[in-house]
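Ready for some practice with salt bridges and helices? Have a look at the model below, then work through the exercises one step at a time.

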There are 2 protein chains.
Amino acid sequence: MPVFGTLRTNPLNLTRIIPAEGGEPPSNAIRERRFARIREPPVCIFIMLTQFESARQNIVTPEMEYVAKREDLEPELIRSEVARGRMVIPANIFHLKGRLEPMCIGVASLCKINANIGNSAVTGKVEDELEKLHTAVHLGSDTVMDLSTGGNIDGIRQAIIEASTVPIGTVPAYQIIQQTKDPLDVTPRQLLDMVEHQAKQGVDYMTIHAGVLLEHVPLTRDRITGIVSRGGSLMAGWMVKHHKQNPWYTHFDELCEIMRAYDVTFSLGDGLRPGCLADANDAAQFAELKTLGELTLKAWKNGCQVMIEGPGHIPMHLVKMNIEKERELCHEAPFYVLGPLVTDIAPGYDHITSAIGAAIAAEAGAAMLCYVTPKEHLGLPNKDDVRQGVIAYKIAAHAGDIARGRKNARKRDDELSKARFEFDWNRQFELSLDPETARRMHDETLPQEVFKSAKFCSMCGPKFCSMRITQDLRKLADDASRVSLELTSAATVS
Amino acid sequence: MPVFGTLRTNPLNLTRIIPAEGGEPPSNAIRERRFARIREPPVCIFIMLTQFESARQNIVTPEMEYVAKREDLEPELIRSEVARGRMVIPANIFHLKGRLEPMCIGVASLCKINANIGNSAVTGKVEDELEKLHTAVHLGSDTVMDLSTGGNIDGIRQAIIEASTVPIGTVPAYQIIQQTKDPLDVTPRQLLDMVEHQAKQGVDYMTIHAGVLLEHVPLTRDRITGIVSRGGSLMAGWMVKHHKQNPWYTHFDELCEIMRAYDVTFSLGDGLRPGCLADANDAAQFAELKTLGELTLKAWKNGCQVMIEGPGHIPMHLVKMNIEKERELCHEAPFYVLGPLVTDIAPGYDHITSAIGAAIAAEAGAAMLCYVTPKEHLGLPNKDDVRQGVIAYKIAAHAGDIARGRKNARKRDDELSKARFEFDWNRQFELSLDPETARRMHDETLPQEVFKSAKFCSMCGPKFCSMRITQDLRKLADDASRVSLELTSAATVS
């Protein structure tokens, strides 16, 4: 009986599957090998293993194989990275039954991006959120977080999970805040129940602010912007009010049981992340990070997958050291960073301030970048903000992949550059991150179809284009060498 | 008679000023000390010294003093940096008579940005260009290049110089291309005459592609995008056609005489800059950079100010080494970089792909960043593109200033963060790089004036805002310590 070291007897860990005869086959073949048989027929009892547990038992799951194909890497590499805890495959067993196409997050694979969507207490309907989901996934977001905080919060989440081919993340505390009269009076049981409730809906990863400890709160005393994480401030407020330790922290093993049962990946939240440059890299931030490192080991021991969330607002010259510090303190668990913004003075353009920090983080080894939209600090993003945010982050992640020399990372750049040199405008648009926008901008001045193969654009105009001159020069050189070759041949013959 | 080492007798170098008695005083007092007296009254003959020559003669010019105030640095530091060639003050003597407010470009001062405007052969009127100028300067562009290539090119330039308080740069080759039947038949005389023509109009700095040599052209043979600089391809085409060396290079001393006479700053162009990531850091690029280093020494010997133009398209991990290489090969002359773009796959968003590279370049020591607008590679920028480009580059330059720890660089960030924590929305907008945009985005969901002091925004909604919780916690802590203090006092008294 292949029982994993710390396996618990909680019924949540057991999934009974009736033998196939006449019964309904598992709807998604990809999941079959996720279960280790612990009893023989006629009554089979299977124990669901998480991706992490499978990897540690040297099992290459169908999800790992799928991911390996997507990444053009060896399945064994994926398995070993997952086993090492350096890579996660956020795939709730219920979302796997749905439309989820498994993907991985880890430094050995391409850098990923996440887009946040979700309504607020003030605004937002299901259709709007589904439209944002579609925009984000269409433009290449690798995961999506539903951060809804108001209205029909369960209905929106269910609709998003059902529609989504990418992993969905949530912050369970948000629904707590919505549904309790005074969030500071929430009980540990309510927190755990909320996690289980969302896990059952199929959420693939959850932000849990378990690293904010009571003794960390005074460390934020002299900050300019205090605690800017909603989940973090909820915990801080709760702890101060009740003079008790963080319930996520005190009930972490129980929490792991739930997460493990559905293979929900931990996204250990940085509740004390800095909210401005002045607060970056302070004692509070790093004290929490150290705690997250301890919790990482605990979660692994419980068979769970883990990634670590990171800041936030960091000046450029400190971004790399943040990545290195996480690697050291959190045992190389994938680092999932929000931006970071490298200046505070550009509200309205924080997709750019943060894409700069995100690109540097990606180069330094961040595994996933959480986008920031132009609306950050000002309001909730609409569909166009989602577009701006996703593209800015596709740029940052891709630039990081190139800088790290990841396999084939520059291929698309080279293809596009060739098309550019050959004045093949349509091909250029096709290869662009946002073909619609590229085409629209080109067409603003030269809309006619004939200009799609014109040997110039509206920048140089038709008279003198540098790349056309280069082509002429090359032709000249080719002709010259042909002539010289012919002369040589003629000389040899005569 | 304080004659500077390499001073020439060309009449262009002499400016005769009749003694003051009853005569018209120099219209702009700031320029008075720019002239070294070489004869005594009754007939005074003054020799105009460039900023560089003045600095080398230990003269702190009024422009240096002005610049020192703007930068909050010592005038002597400015002088010594200019003397060392590590800083330039692009200030054509004729533009100084006009509205120019002198500024400096160099690693000892804040990182600067440039915005390109100008019409094309296909589109553009004077009013449009003046509007772009206004937008660029209003949003904080430190210099503006007029890259007009068509229509009333002289009229547009004159109007821009007259209107502009910031230095204006040009690429004289562009007007050559417009005005000669076959640009490849231009004569060295025509090139020099064009420089003088534009110098007389008051252009403050000019891009001169003097470093592209005949022997460099074959080095571009295997590039994906060949030669992408218009000025560079003009020179390459000319050299191949005539089997002669680059006329800017062969006539460099004559060119220096003209530049010196008006104190036009050289912006030695990178005609062989890479046009895509695949072509970055190749032999052609660095061969030209080495030549630019030689020309820098020659220009300095001729009393001229010099900055060096840099790429273009460079993957993130090679940006820093590009800055270091320029510093070494070009004797620390200020590096004026275009972007660089860190990926080729995002036409329509190249203000972002390039702002990432530009920020890294700024951190590594680039002195000025030439903006790239969203329209790059697709068409000419309109007014809104100018706005997007300028803000992206203000962000990049400012992030670089913070990372380099430049004096007071983070002050505005901290002020804005304080306003953010205090929910002082109007102050936040005021301190933003683009107040109009920040206010508009906030008002999209919460337009009423009452929300300008509301203790929440549409992101969190009114029920639970992290920063408000922090404020409550702090109040709680203050109350607690006051109570404890009162108890202590009471205990002491009793």
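This is a predicted model: local features need pLDDT of at least 70, side-chain atom pairs count only at pLDDT 80 or more; totals for chains, interfaces and linings use all residues.

**Exercise 1.** Decide whether Arg427(A) is buried, partly exposed or exposed, and find its salt-bridge partner.

*Solution.* Step 1: Arg427(A) has a relative accessible area of 30%, so it is partly exposed (buried means under 20%, exposed over 50%, partly exposed in between, with a 1.4 Å probe and protein chains only). Step 2: its side chain meets that of Glu430(A) in a salt bridge, 3.1 Å from N to O (a side-chain nitrogen of Lys or Arg within 4 Å of a carboxyl oxygen of Asp or Glu). Step 3: Glu430(A) is exposed, at 54%.

Residues are numbered from 1 along each chain, chains are lettered from A, and side-chain values use heavy atoms, without hydrogens and water.

**Exercise 2.** Which residue forms a salt bridge with Asp193(B)?

*Solution.* Step 1: the partner is Arg189(B), with the closest N and O atoms 3.3 Å apart. Step 2: both lie in helix H8 of chain B, four residues apart. Step 3: Asp193(B) is partly exposed at 39%, and Arg189(B) is partly exposed at 43%.

How values were computed. Helices (H or I, at least four residues) and strands (E, at least two) are DSSP runs, numbered from the N terminus.
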